[in-house]
Amino acid sequence: MMQVPGEFSIIKEDNVTHSFCGLACVGWMYQKIKDSFFLILGTHTCAHFLQNALGMMIFAKPRFGIALIEEGDLAKQEPTLEEIIAEIKADHNPSVIFLLSSCTPEVMKVDFKGLAHHLSTPDVPVLFVPASGLVYNFTQAEDSVLHALVSFCPEAPAGEKKVVFLGSVNDSTADDLRAEAEALGIPVGGFLPESRFDKMPAIGPDTVLAPIQPYLSRVAVKLERERGAHTLHSLFPFGPDGTRVFWEDLAKEFGITVDLRDREQAAWEKIRKQTELLRDKKVFLTADTMMELPLARFLKSAGADVVECSSAYINKKFLGRELAALEGVRVVEQPNFHRQLEDVERIRPDLIVTSLMTANPFAGHGFVVKWSMEFMLMPIHSWSGVISLANLFVSPLQRRSKLPAFDKEVWLEGVMPSAE
């Protein structure tokens with residue numbers, strides 16, 4: 001354990017292993033970029049993971065697939081994917097194909113960049129997306145997808161000052177964000193990513209980048225360096241407090257002064273029943289989605305006692321405003337899960353926000369848990385997402401309060417088979 005030097009107090013530990021790999025990002029990215037296809041070069045383990053994690057999407061004819069590496073492929077120089085690419089084009093007619101790496105081919109030193117370049121054509125580019133779980137947290141793979149898209153964003157001329165929102169959200173949320181910006185007089189240049197590959201936003205030296213997901217620091221830096229764009233450093237638009245600060249700060253970038261305190265107060269009033277339930281509840285956030293800091297900040301503002309907020313990686317500049325708002329909260333980067341288990345047993349939090357892989361063991365020990373993955377999939381941004389965000393936290397508490405008392409005779413001494 002070490003203290004990270006700097007303005008904000010962060011404890012850095014030594015691991016974070018209980019998280020999905022980056023391949024999980026295809027579950028929301030293929031739905032956002034509707035003329036895309038995501039091809040994963042991986043093993044049967046990758047296929048098993050996607051079948052289980054994303055299996056509910058099979059009836060929607062998903063635009064992702066796996067090129068399997070078999071044992072016989074281990075002796076080959078490079079995988080041959082020409083036939084698979086031709087089949088994808090014939091079946092799905094994509095405008096772009098993303099080639100995602102996974103652990104085994106990266107260990108084999110497959111030249112993904114060269115492979116993607118070889119498979120690309122002028123009409124259907126194939127873009128390499130590093131997504132190995134050996135390197136990236138699963139939400140960071142979205143960052144990798146946006147990296148690959150940067151060169152396909154037109155150059156905005158100097159003097160054309162517009163906001164480009166960074167982050168994948170569903171079309172309804174995107175429409176809400178666009179409408180809110182325009183109502184405040186903020187000119188909108190678009191979203192990265194947009195819903196179609198050929199509609200990517202123009203980005204230039206006077207573009208204001210407004211991140212709406214807290215795990216996209218790398219693409220923001222890339223756009224600053226290569227296009228001269230400016231990144232908004234604010235709270236993320238989660239909850240009444242974050243949403244007010246986000247819009248007020250973004251308006252200032254365009255010389256617009258707005259006071260949204262009344263609107264924030266009205267939003268808090270809408271979720272008063274939820275915040276009354278959250279007040280003084282001890283909440284523990286384990287590392288998973290890299291959304292933990294703004295979620296913890298919302299909980300703190302709602303009156304909860306955030307006993308620990310841990311995250312896989314923390315970019316102190318990108319998340320600086322969130323860190324400042326979490327003053328007094330224990331913030332941990334790359335937490336040691338075994339240490340967390342001991343602290344959870346000692347503190348006995350009222351709610352644990354944790355990954356799918358650790359939720360059931362916590363529940364089995366009597367804790368109330370919330371799957372952190374759900375915050376990735378629900379519309380929780382800006383004013384329209386306030387109620388959804390609050391309900392995600394209170395639903396497990398409400399569900400637990402309605403459960404009957406644990407009947408030891410039934411479950412341990414009656415119907416269930418003996419452990420002996």
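User: Where is R348 found?
Analyst: R348 is found in the loop between α14 (337-347) and β14 (351-354), where helices are DSSP runs of H or I with at least four residues and strands are runs of E with at least two, both numbered from the N terminus. This is a predicted model, in which local features need pLDDT of at least 70 and side-chain atom pairs count only at pLDDT 80 or more, while totals for chains, interfaces and linings use all residues. Residues are numbered from 1 along each chain as its sequence is written, and side-chain values use heavy atoms, with hydrogens and water left out.

User: What is the phi of R348?
Analyst: The phi of R348 is positive, about 55°, although R348 is not a glycine. R348 counts as partly exposed because its relative accessibility is 37%; buried means under 20% relative accessible area, exposed over 50%, and partly exposed in between, with a 1.4 Å probe and protein chains only.

User: And what about the phi of N93?
Analyst: N93, also a residue other than glycine, has a positive phi near 50°. N93 lies in the loop between α3 (82-92) and β5, and its relative accessibility of 64% is why N93 counts as exposed.

User: OK, β5 then: how many of its residues are buried?
Analyst: Five of the five residues of β5 are buried. Both faces of the strand are covered, with V96, F98 and L100 on one side and I97 and L99 on the other.

User: Which strands does β5 pair with, and in what sense?
Analyst: β5 pairs with β3 in the parallel sense over five bridges, and with β6 in the parallel sense over four; two strands pair if DSSP finds at least two bridges between them. L99 of β5 is the bridge partner of L39, and on the β6 side the partner of L99 is F128.

User: Switching topic: how many residues are in the largest nonpolar core?
Analyst: The largest nonpolar core has 107 residues, and those with the most contacts inside it are F165, L192, W247 and L250. Such a core is a set of buried Ala, Val, Leu, Ile, Met, Phe, Trp, Tyr and Cys residues joined through side-chain atoms within 4.5 Å. Its largest share, seven residues, comes from helix α17 (residues 386-402). Apart from this core lies another of 17 residues, including L41, A67, V110 and V124.

User: What does F165 touch?
Analyst: Leaving out residues up to four places away in sequence, F165 touches L177, A181, V188, G190, F191, L192, A210, I212, F246, W247 and L250. Ring pairs also link F165, F191, F246 and W247 into a cluster.

User: How many aromatic pairs are there?
Analyst: The structure holds 14 aromatic pairs; rings of Phe, Tyr and Trp (its six-membered ring) pair if their centres lie within 6.5 Å, with planes under 30 degrees apart counted as stacked, over 60 as edge-to-face and the rest as tilted. One of them is the tilted pair of F152 and F197, at 5.0 Å centre to centre and 55° between the planes. F152 lies in the loop between α6 and β7 (163-166) and F197 in the loop between β8 and β9 (208-211), so the pair ties together parts that are 45 residues apart in sequence.

User: Where is the cis peptide bond?
Analyst: The cis bond joins L192 and P193, with omega about 10°, and P193 is found in the loop between β8 and β9.

User: Last one: what share of the chain is buried?
Analyst: Buried residues make up 54% of the 420 residues in the protein chain, which has 18 helices and 15 strands. Of the contacts with a separation of 6 or more, 72% are between residues 24 or more positions apart.

Key
Contact means heavy atoms within 4.5 Å.
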